[in-house]
Amino acid sequence: MQAYALLLAATLNAGTVLALAALGLLINEKAGIVNLGAEGIMLCAALAGFATVVHTGSDWLGFAAGAGAGALLAAAFGALVIWLGANQYAAGLALSLFGGGLSAFAGIGYVQERLPDRPRFDWLGLGDVPFVGPALFRHHPLVYLTALLALALVWLLWRTRAGLVLRAVGEAPQSAHALGYRVRLIRLAAVTAGGALCGLAGAYLSLAYTPLWAEGMVAGKGWIALALTTFATWRPARVLLGAYLFGGVTMLQLHLQGQGVQWPSQLMTMLPYLATIAVLALISRNPAWIRANMPASLGKPFHPAG
């Protein structure tokens, strides 16, 4: 039972990284912008958060630095694709490559650095309750805040005027512009907010999930988060469930190795990526279903008339 409790806890921990990044990308795509640069944003944010904690000792400053780095890179990407008309897919790939290279270069001096002792959490004094305690009540606060964020996005997108305007910008930007909404500014705000969440995911990765800095430590999680938005049909609650599913697959490899399953370690490591490919292949068999849920103007540039 203890082993299964630890597996559940690890699943929630791993799923938080994916959920934060995927929720940020969902905000982008609801506004009609495709950002393929999540991997690079997360790498730069992971380094920014780690370096900030090394120099200040404050985890919360580290998370703020990660979110700020993500927002800054996303805002630069947004300016390129929204105002200067750059191709969204090419600019996103360039951002991913730029972020990977910049973080590798700037992070050389932090590879051997160590963070201060990590805090231990025991919520409501329930951390020692058999099974439930280790599984649910010893997590970083961001694990719980991510679940609340997904619920808040559900409310924002479908129960508020701001959410209606955001969805209108992603569905019919010309109509939103005709009604007097500043489509490009709204898209830039959405891209910046989404980048901040991707940055928060990167900072969580280097400060809580695996508290260290290593080149390329995001290891494809940005691409999995991107696939997760499609898998979840652009619904925040489904994003959260999908993130925990993929997190469980990621942790399953370690659990199976701990149980002595004699499978090649390379195959175990491939499991999350194989699961991503399998899911995308399955949902791609019904393109009409994807089109019915996808924002109508996703990936399409907007040029205001007049």
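In which helix is the place of Val-132? Val-132 sits in helix α5, where helices are DSSP runs of H or I with at least four residues, numbered from the N terminus. The structure is a predicted model, in which local features need pLDDT of at least 70, side-chain atom pairs count only at pLDDT 80 or more, and totals for chains, interfaces and linings use all residues. Residues are numbered from 1 along each chain as its sequence is written, and side-chain values use heavy atoms, with hydrogens and water left out.

**Surface patch**

- Val-132 is partly exposed at 34% relative accessible area; buried means under 20%, exposed over 50%, and partly exposed in between (1.4 Å probe, protein chains only).
- Val-132 belongs to a nonpolar surface patch with Tyr-4, Leu-8, Val-129, Phe-131 and Leu-136, and together they have about 460 Å² of accessible area.
- Such a patch is made of residues with over 30% relative accessible area and no salt bridge, and its nonpolar side chains (Val, Leu, Ile, Met, Phe, Trp, Tyr) are joined within 5 Å.
- The areas come from the Shrake-Rupley method with a 1.4 Å probe, and for residues only the protein chains shown count as cover.
- Two or more residues of the nonpolar patch come from each of α1 (2-30) and α5 (132-136).

**Helix packing**

- The axes of α1 and helix α9 (residues 183-209) come within 7 Å and cross at roughly 170 degrees.
- Axes are lines fitted to C-alpha atoms, for helices over the stretch in contact, and angles between N-to-C directions run from 0 to 180 degrees.
- Helices α1 and α9 are therefore roughly antiparallel, a term for angles over 145 degrees.
- Residues of α1 that meet α9 include Leu-20, Gly-24 and Ile-27, and those on the α9 side include Gly-194, Leu-197 and Tyr-204.

**His-140**

- His-140 is found in the loop between α5 and α6 (141-159) and is buried, with a relative accessible area of 10%.
- Beyond its neighbours within four places in sequence, His-140 is in contact with Trp-60, Phe-63, Phe-121, Tyr-204 and Ala-208; contact means heavy atoms within 4.5 Å.

**Salt bridges**

- The whole structure has 2 salt bridges, each a side-chain nitrogen of Lys or Arg within 4 Å of a carboxyl oxygen of Asp or Glu.
- Asp-59 pairs with Arg-118, with the closest N and O atoms 2.8 Å apart.
- This pair links distant parts of the chain, 59 residues apart: Asp-59 in helix α3 (residues 59-83) and Arg-118 in the loop between α4 (88-106) and α5.
- Asp-59 is buried at 14% relative accessible area, whereas Arg-118 is partly exposed at 23%.
- Asp-128 and Arg-138 form a salt bridge at 3.1 Å, N to O.
- Asp-128 is exposed at 64% relative accessibility, and Arg-138 is partly exposed at 39%.

Technical notes:
Patches are made of residues with over 30% relative accessible area and no salt bridge: like charges are joined within 9 Å, nonpolar side chains (Val, Leu, Ile, Met, Phe, Trp, Tyr) within 5 Å. Angles under 35 degrees count as roughly parallel, over 145 as roughly antiparallel, 65 to 115 as roughly perpendicular and the rest as oblique.
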